[in-house]
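Here is a short report on one protein model.

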Amino acid sequence: MKALFFSVLIPALLPVTLVLIYIWQKDKNEREPLGTVLLTVLFGAAVSLAAGPIELFLEKLLPFFFPKDSVSYSLIENFFGVALIEELLKWLVLMLFIWKNRKFNYSYDGVVYAVSSSLGFAAAENISYILAFGNGIAFSRAIFAIPGHACFGVFMGFFFSKAKISAANEKSFVCPMIMTVAVPTIVHGIYDFLLSPAAESISFSGFFTAYIIIIDILSFILIRNQFKHDKRLFPPNDGMQISG
């Protein structure tokens, strides 16, 4: 058990914990209850269990429609067979457990909970990767995969709060809710595609590091903007009246 703790759990969970603490402590107005945040992390980890079988099914299905070594196959696989599935599952956590939660009452809260769901997903994924490939992979995942999932969560949370603001003002929230899934899916899909052999075959793989820097900077700007201009979404005691 001790060996498992030091060789798997610490390398898998430490970077997740550090990123989560950074996001959570930025919440200055009304910091989200740690219990709710941790539950969101656990739910994010739980839904990750569904991702593997769905992605495996689509992976077996795609060769019937696209040549496996083609760029089109790689694009469809990475954007729809991986990114869309994973971002939908993270979004599902937010819709089921956060959307009508009375604690979701400030604009920055969307970022906190979306990143929590994403990091829970990333933590479970991290553990499975380290168990499969050894803890030698932990460093690269701490540098790229964990911040990557956190960035996807920042984009999701930004639009999730926009949807909540629209709902609180009794306006249609369909468009921002679509963006809640669409934007992180696109960002995630590009991330995965740039790591694929297809990207290397068309000389795109060299853009990966630059892309990581760009999405990290954009995410940092969004985080700073959200907590700097954090505002209450609706009057006190009105949170449970927002319809989904």
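Which residues are buried in helix 2? They are Thr36, Val37, Thr40, Val41, Gly44, Val47, Ser48, Ala51 and Glu55. Buried means under 20% relative accessible area, exposed means over 50%, and partly exposed lies in between (1.4 Å probe, protein chains only).

This is a predicted model: local features need pLDDT of at least 70, side-chain atom pairs count only at pLDDT 80 or more, and totals for chains, interfaces and linings use all residues. Residues are numbered from 1 along each chain as its sequence is written, and side-chain values use heavy atoms, with hydrogens and water left out.

**Overall fold**

The protein chain has 8 helices and 0 strands. Its elements run α-α-α-α-α-α-α-α from the N terminus on. Helices (H or I, at least four residues) and strands (E, at least two) are DSSP runs, numbered from the N terminus. The chain has 244 residues, and 47% of them count as buried.

**Two helices**

Spans run from the first C-alpha to the last. The expected span is 1.5 Å times one less than the number of residues.

| Helix | Residues in helix | Span | Expected span |
|---|---|---|---|
| Helix 2 | 28 residues | 41 Å | 40 Å |
| Helix 8 | 21 residues | 30 Å | 30 Å |

Helix 2 is close to its expected span, and so is helix 8. Helix 8 covers residues 208-228. Its buried residues are Phe208, Tyr211, Ile212, Ile215, Ser219, Leu222, Ile223 and Gln226. They lie on the same side of helix 8 because they cover an arc of only 100° around the axis. The arc is that of the directions from the helix axis to the C-beta atoms.

**Single residues**

Glu59 sits in helix 2. With 33% relative accessibility, Glu59 counts as partly exposed. Glu59 and Ile76 are 17 residues apart in sequence, and their C-alpha atoms are 9.9 Å apart in space.

Ala163 belongs to helix 5. Its relative accessible area is 0%, so Ala163 is buried. Ala163 and Trp99 are 64 residues apart in sequence, yet 9.6 Å apart in space, C-alpha to C-alpha.

Glu170 is in the loop between helix 5 and helix 6. Its phi is near 55°, a positive value in a residue other than glycine. Glu170 counts as exposed, at 75% relative accessibility.

**Cysteines**

A disulfide is a pair of cysteine sulfur atoms within 2.5 Å. By this rule the count is 0 disulfides. Cys151 is buried, at 4% relative accessibility. Cys175 is exposed, with a relative accessible area of 53%.

**The largest pocket**

On a 1 Å grid over the protein atoms alone, a pocket is an open set of points where a 1.4 Å probe fits, with protein on both sides within 12 Å along at least five of seven lines; lining residues have an atom within 4 Å of a point. The largest pocket holds about 910 Å³ of space. Its volume is the space filled by probe spheres set on the points, which are joined across faces, edges and corners.

The lining has 38 residues, and Val82, Glu86, Glu125, Tyr129 and Asp192 lie nearest the centre. Helix 2 (34-61), helix 3 (71-97), helix 4 (109-133), helix 5 (138-168), helix 6 (174-194) and helix 7 (197-201) each give two or more residues. Helix 2 gives the most, with 8 residues.

By class, the lining has 18 nonpolar, 11 polar and 9 charged residues. Ala, Val, Leu, Ile, Met, Phe, Trp, Tyr, Cys and Pro count as nonpolar, Asp, Glu, Lys and Arg as charged, and the others, Gly among them, as polar.
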